[in-house]
Amino acid sequence: MTPFRINPAVWFVAPALALIAVFFFLPVLAALLLSFTDFDIYALGDVGLLRWVGLDNYRRLLVDPLFHTALRNTGYFVAVGGPLSVAVSLGMALLLNHGLVRGKGVFRALLFLPVVTALVAVAVVWRYLYHPRHGFLNYALGWFGIAPIDWLGDPAYAMPALILMAVWKNFGFNMIVFIAGLQSIPRRLYEAAMLDGAGPWRQFLHITLPMLAPTFLFVTIITLIGYCQLFAEPYVMTQGGPADSTLSVALLMFQEGFRWWNLGYAAAVAFVLFLIILLGTVGQAWLRRGDSSTTFPNE
C-alpha cells in the first residue's frame, strides 16, 4: 500500500491559502452566521444577550418597505447608470482609438483622472455644480430658458444627478479596458472590410462589436457589481435623501449596522445583496455564453 504523501507544492501555497481563509472566508462565514441572529448593541455589550433567530431577519426583509425602496433605487441606478456608463466608455474608447486623434496619451490620462480622484473631492465639486442657486448646471440651463432645478433636493432629480456624477467618475476605467480590446483587433480585418466596400458603420457592427464581445462581458459584469454596491455617492451627496429617493441597499446596510447597531439585520441585507449580484453575474455570463467561443485571429 502506497503511503499518503502531500504534494510538496502544497506547502508553498499553504501560507497564502491560510491567509485567504483567515481574512476572507472566516469573516464571510461569521457574517453569514450573524445574519441568523439578533446581534445588536445590547449583544455587543454582553454576548449572552445574543439570540438565534433563524430566518427572521430574512422574513423581515420581505416586508420591510425601506428595503423595498432601497432595492428599487439600486435597480434604477444599475438599469440606467450601467448601460449609460458602458456606452460612454465605448464611445470615448472609439474616439481615442481613432487614427486621426493626436495626443491620445494626454486625453487618456485626463479622462482617467476622475477614477483615481477621491470621491469626497469629487463631491465638493459636484455639489457646487448641482447647487440650486449658484450651480453652473442651472446657470447653463438658464441660457435655454429652463427654470432652476433643485438637483439634490427634489426626489425626482436626486437619483439622475447621482447617476450623472457616477458615470462621469467611473467611465474612465471601462474606457481603458475597451481601448485595450480595440487595440487587440487585427487591422487586417478592417482592411479586408474596406476592400469589400464596407463603410465605418458596417465595420463597427460586423467587426468591432463581435470582436469586443469578451471585453463587453468583462465590462458589464464589473459595472454591474460596482453599481449594485452603490454606497459612496449617496452617502457623501444626499445621505439617502430626499425622502429616501437615493437610499441604496448598501447604504441601508450601513445605516442598519453602524447607525442603529442592528448588525444581524444588516448582515442579512448584505447577503441578499450578495445573492442579487451573484444572480446578475451568472445571468450575464449565461446570456453571453456563446461569446466564449470568440477568439482573436492571429496577426
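Colleague: What makes Leu19, Val22, Phe23, Leu26, Leu29, Leu32, Leu33 and Trp52 a nonpolar patch on the surface?

Modeller: In this predicted model, these residues together have about 840 Å² of accessible area. A patch takes residues with over 30% relative accessible area and no salt bridge, and joins nonpolar side chains within 5 Å. The eight names meet that rule, so they are listed as one patch.

Colleague: Why is Leu33 called partly exposed?

Modeller: Leu33, found in helix α1 (residues 8–34), has 43% relative accessibility. Buried means under 20% and exposed means over 50%. The value lies in between, so Leu33 counts as partly exposed.

Colleague: What makes a set of residues the largest nonpolar core, and which have the most contacts inside it?

Modeller: Core members are buried and joined through side-chain atoms within 4.5 Å. The largest such set has 40 residues, with Tyr58, Leu61, Phe67, Phe77, Tyr130, Met165 and Met237 having the most contacts inside it. Elements giving two or more residues to this core include α3 (56–63), α4 (65–96) and α8 (155–183). A second, separate core of 20 residues includes Leu96, Phe171, Met175 and Phe178.

Colleague: What does Phe67 touch beyond four places in sequence?

Modeller: Phe67 touches Leu61, Val249, Leu252, Val269 and Val272.

Colleague: How do you know which parts to read with caution?

Modeller: The protein averages a pLDDT of 88, and 95% of the residues score at least 70. Among its elements, helix α2 (residues 41–45) has the lowest mean, 80, and α4 the highest, 94. Over residues 294–299, pLDDT stays under 50. Where pLDDT is low, the predicted coordinates should not be read in detail.

Methods:
Residues numbered from 1 in each chain as written. Heavy atoms only, no water. Patch = residues over 30% accessible without salt bridge, like charges linked within 9 Å, V, L, I, M, F, W, Y side chains within 5 Å. Areas by Shrake-Rupley, 256 points an atom, 1.4 Å probe, with all protein chains shown as cover. Salt bridge = Lys/Arg side-chain N within 4 Å of Asp/Glu carboxyl O. Helix = DSSP H or I, 4+ residues; strand = E, 2+ residues; numbered from the N terminus. Buried < 20%, exposed > 50% of the residue type's maximum accessible area, 1.4 Å probe, protein only. Contact = heavy atoms within 4.5 Å. pLDDT = per-residue confidence, 0-100.
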